[in-house]
Amino acid sequence: MGPVRTCVGCRERDQRSALVRLVLDRSAPQPRLVVDDRACLPGRGAWVHPATRCLELAERRKAVPRALRVTGLLDLAGVRAHLGL
Ligand SMILES: [Zn+2]
């Protein structure tokens, strides 16, 4: 069994490979959320299942900004588009 992470949406633990890592791209004028496909970008990451349900749960709980220690809300539209959801 490989490394395990907790999904910020459903709060269930799963294989790292079953989750995607979200990080904040601070190089943009307006910090935006991006999917760290190779799970190698520096900084804090939030792990979530690439599933509509988990993104919705994460959104409702404001779990992504909390995990990334960001105040305010983060738009998940770009993440959804990236994941084809
Ligand atoms: Zn989940």
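I counted the elements of this predicted model and got 3 helices and 5 strands. Helices here are DSSP runs of H or I with at least four residues, strands are runs of E with at least two, and both are numbered from the N terminus. Going along the sequence, I read β-β-β-β-β-α-α-α.

Residue numbers start from 1 along each chain as its sequence is written. Local features need pLDDT of at least 70 and side-chain atom pairs count only at pLDDT 80 or more, while totals for chains, interfaces and linings use all residues.

Next I looked up burial. Buried means 20 or more other C-beta atoms within 10 Å of a residue's own, exposed means 12 or fewer, and partly exposed is in between, with C-beta atoms placed from the backbone. By that rule, 22% of the 85 residues are buried.

Then I went for the largest nonpolar core, which has 16 residues. Such a core is a set of buried Ala, Val, Leu, Ile, Met, Phe, Trp, Tyr and Cys residues joined through C-beta atoms within 7 Å. Val-8, Leu-22, Val-48 and Val-64 touch the most other members. Strand S3 (20–25), S5 and helix H1 (52–60) each give two or more residues to this core.

Last stop: Pro-42. I found Pro-42 in the loop between strand S4 (32–35) and strand S5 (46–48). Why is Pro-42 exposed? Because Pro-42 has 7 C-beta neighbours inside 10 Å, I file it as exposed. I also checked Pro-42 against Asp-25: they sit 17 residues apart in sequence and 10.0 Å apart in space, C-alpha to C-alpha.
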